[in-house]
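Could you walk me through this structure in my viewer, one selection after another? I am new to it and would like to know what to click on and what I will find there.

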There are 2 protein chains.
Amino acid sequence: MEQATERTSGRRSPAPSIRDVARLAGVSHQTVSRVLNEHPSIRPETKQRVLDAISALDYRPNLAARALVTSRSNVIGVMSATIGEFGPASSIATIEEAARTEGYAVTTVNLPATTPEAIGVAVRQLVREQIAGIVVIAPQVRVFHVLRGMAIDVPFVSLQTASGATGESLAADQVEGARLATAHLIDLGHRDIVHLAGPQDWIEAESRMRGYLDALRDADLPTIAPVRGDWTADFGHFAGIELARRGDFTAVFAANDLMAIGLMHGFRDAGLDVPRDVSVVGFDDIPVAQHVWPPLTTVHQDFPELGRRAVELLLADIRGEEAPVFGPLEPQLRARASSAAPWRD
Amino acid sequence: MEQATERTSGRRSPAPSIRDVARLAGVSHQTVSRVLNEHPSIRPETKQRVLDAISALDYRPNLAARALVTSRSNVIGVMSATIGEFGPASSIATIEEAARTEGYAVTTVNLPATTPEAIGVAVRQLVREQIAGIVVIAPQVRVFHVLRGMAIDVPFVSLQTASGATGESLAADQVEGARLATAHLIDLGHRDIVHLAGPQDWIEAESRMRGYLDALRDADLPTIAPVRGDWTADFGHFAGIELARRGDFTAVFAANDLMAIGLMHGFRDAGLDVPRDVSVVGFDDIPVAQHVWPPLTTVHQDFPELGRRAVELLLADIRGEEAPVFGPLEPQLRARASSAAPWRD
DNA sequence: CGACGGCATGTGAACGTACACATGCCCGGC
DNA sequence: GCCGGGCATGTGTACGTTCACATGCCGTCG
């Protein structure tokens, strides 16, 4: 490795080009290009000579030149509204990893807002960088409409399934996960279950709401007006205090773990005990979920696998190959201490 | 905005180049280039004509071509070992935002390991993309040695302060934060305080350890052998159970919140009450810290500000400007319910 | 009053790659 | 034995930008 560092250090002379390699190998620059792009018609012996020259000079293709002539770079863009949060962040990490092993770099762009203008700006920034494709983690319904409306010629994939998906998005079965969570509460004996939902136009919020409603309907249980949250623990805390006043329920299904944890805090502040007085179930299974008190019952999502699949799907699209078919990512219920049978009075 | 989407949609003809703009404005391509690069010697009237042509054609400079000829792209690389975690993720989010408003794109690369080989691979990947600079969030001591050893000609900035920093890293005063946390426990009356430290070669782990030791020394208190963790809540849980057996302490200062939360869980499992039997203090102030039970006393870090400063520092270096001078980012103690006076028996 | 310097602009080339086309060769079929 | 075709390779050029150098003009100073 010392050799490797030696090689790249202090070298002020211009980096070797494809022609330098050609000269050393005694072939034309085009032959070198063919070797690099794995052209079939090339004699193994010639190929080897070129490869030797490449490693002798420590040659690396100039990506900018390649991007210029092909008008496409080996970069995929990740567009996300909430880069800082656990789900997106861990998906991005694996997207980055998967893309890089396939030879693609990853550039991220944060969506400051979900307005069509902001989305347009973000997409145009990415397109201007001549990225090969886009992974969208901004799960608002609008984003889809805007993207489709822009009719950009860049392939894109979304980590969330929109209703009426066109096959360009992935199925992490949110509806089923939410159904599982709610059914778990019903199985425990709860009949009055409130849903602490996510923001109005988020696809995930919608799916989880649907799963919740499906479960209630299947059990012929009454629907209680849901509370609209903003995904944050702070809101959960606030909602807990508010809900405690109402008291017309024995369990809450929160649309994500952060709100669920805040919610338990709010209940505690209001003098309610979880799970004796109220059961709480979350969604996502973030790393701390099992360590808070009481350990949070939640629905586990495989974010890394989601990221890997997104890259695979996107690259297939970019390369014009047939899209791989994935089974749905089955969410799993993790029953813990925050949910229990209701206390009968 | 409909116009904007209209403009970019369905356009199959090649994007306008600098020469198209020149033709429309009735000048040479070089004059257009001068306008783009804000060359001083240009008549305002000519400049205006060029600008009009640019907006008429909706011209955008081709970044690949620019990168090719200048052999430098407007991309900054972010190298991180733990992209998925809260601290790095929220720093990256603001780095991305700050960089983008300055006209730079951001590409991230994950460090799968902290070995010199892995670091070398990551750096070379970034250099190959001709990035303008690197922000390092991989806070292992080694990373610095490797980077310096490689003597790359790309400016880089680190989010962590190494001992003997060369001014190319930022001061988020970790030592002071840890000292505050420990002093808080001492002020409450604790005399036997264990440190649940981070992994051996992490700069942050080292700094927090030092702050802890400083506080003990200032108060003439005995040192207890620290426990080495891996930053995860799961390890914290394990450590809690193990430590409960020893019982030669009344408080623990954990090097991060995740471990602190796991630790409280472990203590609970072992039948200890926090804060009655043991006080716990964390570090980072992640969003759930105030909502867990008991709400976690911790040291607040301003990750977003850290990200912004990193970009500012890096861009100054890239542009050859003088480095801005920042005051140290003062960490703040957030005293909550997980710490209390020791229970005297 | 002529030369000279700075301003405003233009001309030509270069960056490093991939693509289109051209070339020479060998092999097999009629 | 000749010709067509595929294989292996070479030649030239385009991509869109910036840089180095050239040019024409005007004002100023000796």
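Before the first click, one term: helices (H or I, at least four residues) and strands (E, at least two) are DSSP runs, numbered from the N terminus. Please also keep in mind that this is a predicted model.

**Stop 1: chain A as a whole**

Select chain A and hide everything else. You will find 13 helices and 10 strands in it. The radius of gyration of chain A is 26 Å, well over the 20 Å that the globule rule gives for 345 residues, so chain A is more spread out than a compact globule. Along the principal axes, its C-alpha atoms fill a box of roughly 90 × 45 × 35 Å.

**Stop 2: the sheet of chain A**

Now colour strands S5 to S8 of chain A. The four strands make an open sheet with the order S6-S5-S7-S8 and parallel pairing. Strand S6 (227–228) and strand S8 (279–281) of chain A are the edge strands, each pairing on one side only. Zoom in on strand S5 (residues 193–197) of chain A, which is joined to S6(A) by two bridges, the two running parallel. Here A:Leu196 stands opposite A:Val227 in S6(A).

**Stop 3: two spots in the loops of chain A**

Most residues other than glycine have a negative phi, and most peptide bonds are trans. With that in mind, select A:Asp58 in the loop between helix H4 (44–57) and H5 of chain A. Its phi is near 55°, a positive value in a residue other than glycine. Then go to A:Pro294, in the loop between S8 and strand S9 (298–300) of chain A. The peptide bond from A:Trp293 to A:Pro294 is cis, with omega near -10°.

**Stop 4: the sheet of chain B**

Bring chain B back into view. Its strands S6-S5-S7-S8, in that order, form an open sheet with parallel pairing. Strand S6 (227–228) and strand S8 (279–281) of chain B stand at the edges with a single partner strand each, so one side of each is left without a neighbour in the sheet. This time, look at strand S5 (residues 193–197) and strand S7 (residues 251–254) of chain B, a parallel pair with four bridges. B:Val194 stands opposite B:Val252 in S7(B). Helix H9 (residues 174–188) of chain B lies across S5, S7 and S8 of chain B, at about 160° to S8(B). While you are here, select B:Pro275 in the loop between H12 and S8 of chain B. A cis peptide bond joins B:Val274 and B:Pro275, with omega about 10°.

**Stop 5: where the chains meet**

Show both chains together. How are chain A and chain B related? Chain B can be laid on chain A with an RMSD of 0.1 Å by a turn of 180° and a shift of 0.1 Å along the axis. That is the relation of a two-fold axis. To find the axis from chain B, click on B:Thr107, whose C-alpha is the nearest to it in that chain, 2.1 Å away.

The contact takes 51 residues from chain B and 51 residues from chain A. Several elements of chain B supply at least two residues each to this side, including helix H1 (2–8), strand S2 (105–110) and helix H11 (233–246). The largest share, seven residues, comes from H6(B). By class, the side of chain B that touches chain A divides into 25 nonpolar, 17 polar and nine charged residues. Of the interface residues of chain B, 100% are also interface residues in chain A, so the copies meet through the same surface.

**Stop 6: the DNA strands**

Finally, turn on the DNA. DNA strand C is surrounded by 28 residues, and A:Ile18, A:Asn62, B:Ser28, B:Ser41 and B:Thr46 are the closest.

The residues near DNA strand D divide into 12 nonpolar, 12 polar and four charged.

Definitions and conventions. Residues numbered from 1 in each chain as written. Chains lettered and ligands numbered in written order. Predicted model: local features only at pLDDT ≥ 70, side-chain atom pairs only at ≥ 80, totals over all residues. Pairing = 2+ DSSP bridges. Contact = placed C-beta atoms within 7 Å. Axes fitted to C-alpha atoms, helices over the stretch in contact; angles between N-to-C directions. Nonpolar A, V, L, I, M, F, W, Y, C, P; charged D, E, K, R; others polar. Near = placed C-beta within 6 Å. Least-squares fit on C-alpha atoms with pLDDT ≥ 70 in both. Rg over C-alpha atoms; globule rule 2.2 N^0.38 Å.
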